[in-house]
Amino acid sequence: MDRTAAPPASVELHEQPGHLIRRAHQIAVSLFHENLGREVTPVQYAVLRALQDQPGIDQVTLAQAIALDTSSTADVAVRLEAKGLIVREVLPRGQRALALTGQGEELLARLVPGMNAMCRDMLADMDRAEQAEFIRLLRKFVHLNDDGRGARAR
């Protein structure tokens, strides 16, 4: 091996997928709070939307649906219950079934239109084909890197 050879070129920071994904996440969270306020976090919003789509699901199924570990999902559920947005019911097999309260449904009725507008605004500077391709590639990336438990094993 020639020790005088130049080291291999490294990928520039702003070309690294992980860095770009982190920045995109920061931007998305910032826009979420700017547009929807701070009543809930983006993860709490995901929980509420999942419960809107699947009322009464258990915490394990919910965790899988939103790609969050079960411990974090339980913590989020406790916070949302304390805010009066969901109810948790212990099932006979020891799991907890979750459902939106009326207050949770009202909050989503206020937030969903803002989320839809925010999504349109986030992609507004791309043409329709670019928007579709961007979403397609994000979905493909997630699909290819998801191990079925919601997050790649660490």
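This is a predicted model: local features need pLDDT of at least 70, side-chain atom pairs count only at pLDDT 80 or more; totals for chains, interfaces and linings use all residues.
Colleague: In which sense do strand 1 and strand 2 pair?

Modeller: Strand 1 covers residues 86–90 and strand 2 covers residues 96–100. Over 5 bridges, the sense of their pairing is antiparallel.

Colleague: Which residue in strand 2 is the bridge partner of I86?

Modeller: Strand 1 and strand 2 form a hairpin with 5 residues between them, and G94 in the turn has a positive phi of about 95°. Within this pairing, the bridge partner of I86 is L100.

Colleague: Are helix 1 and helix 5 parallel or oblique to each other?

Modeller: Helix 1 spans residues 17–36 and helix 5 spans residues 102–123; their axes lie 10 Å apart and the packing angle is about 135°. Only angles over 145 degrees count as roughly antiparallel, and 65 to 115 as roughly perpendicular. The two helices are therefore oblique.

Colleague: How many charged residues does the contact of helix 1 with helix 5 have?

Modeller: From helix 1, A28, L31, F32, N35 and L36 meet L111, G114, M115, M118 and M122 of helix 5. By class, this contact has 8 nonpolar and 2 polar residues, and the number of charged residues is none.

Colleague: Is the pair of F32 and Y45 stacked or edge-to-face?

Modeller: A search of the whole structure finds 1 aromatic pair. The ring centres of F32 and Y45 are 5.9 Å apart. F32 lies in helix 1 and Y45 in helix 2 (residues 42–53), so the pair ties together parts 13 residues apart in sequence. Because the ring planes stand at 70°, the pair is edge-to-face.

How values were computed: Residues are numbered from 1 along each chain as its sequence is written. Side-chain values use heavy atoms; hydrogens and water are left out. Two strands pair if DSSP finds at least two bridges between them. Helices (H or I, at least four residues) and strands (E, at least two) are DSSP runs, numbered from the N terminus. Axes are lines fitted to C-alpha atoms, for helices over the stretch in contact, and angles run from 0 to 180 degrees between N-to-C directions. Angles under 35 degrees count as roughly parallel, over 145 as roughly antiparallel, 65 to 115 as roughly perpendicular and the rest as oblique. Contact means heavy atoms within 4.5 Å. Ala, Val, Leu, Ile, Met, Phe, Trp, Tyr, Cys and Pro count as nonpolar, Asp, Glu, Lys and Arg as charged, and the others, Gly among them, as polar. Rings of Phe, Tyr and Trp (its six-membered ring) pair if their centres lie within 6.5 Å; planes under 30 degrees apart count as stacked, over 60 as edge-to-face and the rest as tilted.
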